[in-house]
Amino acid sequence: PFEVQLKSTGAAYTIPVGVTVMKVLQDAGVFVPASCEQGVCGTCLTRVLEGVPDHRDQYLTEEEQAANDQFTPCCSRSKTPTLLLDL
Ligand code: FES
């Protein structure tokens, strides 16, 4: 498990194993645009301000993934205990 924190509200949410960031945020009433939910379309792309995403998408190029400044919350996870998101 890891946490995501939202810049706008400061609220932090625990992401359990087997549950997506998108699902946790949507259940909490946080709007995240979604389409494929499989890491293909890029609709859900979200800016990452702190932390290192564990990229599981096929949308970003290797170079974009390595920049660690955005990720796809429909499928990607975190390598660090917390991700600070620009939401
Ligand atoms: Fe398509 Fe996340 S919804 S990449």
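I began with E1 and E7, which run parallel and are joined by 4 bridges. Strands here are DSSP runs of at least two residues (E), helices are runs of at least four (H or I), and both are numbered from the N terminus. I count two strands as paired if DSSP finds at least two bridges between them. For Leu6, I found the bridge partner Leu85 in E7.

A note on what I am reading: this is a predicted model, where local features need pLDDT of at least 70 and side-chain atom pairs count only at pLDDT 80 or more, while totals for chains, interfaces and linings use all residues. Residues are numbered from 1 along each chain as its sequence is written, and side-chain values use heavy atoms, with hydrogens and water left out. The protein chain has a mean pLDDT of 98, and 100% of its residues reach 70 or more; pLDDT is the predictor's confidence in each residue, from 0 to 100.

Next I checked the other neighbour, E2. E1 and E2 pair in the antiparallel sense over 4 bridges. Gln5 has Ala12 as its bridge partner in E2, and Val4 stands opposite Tyr13. The two strands form a hairpin with 5 residues between them, and Gly10 in the turn has a positive phi of about 80°.

Which order do the strands take in the open sheet? I read E2-E1-E7-E3-E5, 5 strands with mixed pairing. E2 and E5 (70-71) stand at the edges with a single partner strand each, so one side of each has no neighbour in the sheet.

Then I looked at the faces of E1. Buried means under 20% relative accessible area, exposed over 50%, and partly exposed in between (1.4 Å probe, protein chains only).

What does the largest nonpolar core hold? It has 18 residues, and Val4, Tyr13, Val21, Leu25 and Leu85 have the most contacts inside it. Such a core is a set of buried Ala, Val, Leu, Ile, Met, Phe, Trp, Tyr and Cys residues joined through side-chain atoms within 4.5 Å. E1 (2-6), E2 (12-15), H1 (21-27) and E7 (82-85) each supply at least two of its residues, and H1 gives the most, with 4.

Last, I followed Val21: its contacts (heavy atoms within 4.5 Å) include Phe2, Val4, Ile15 and Leu85, not counting residues up to four places away in sequence.
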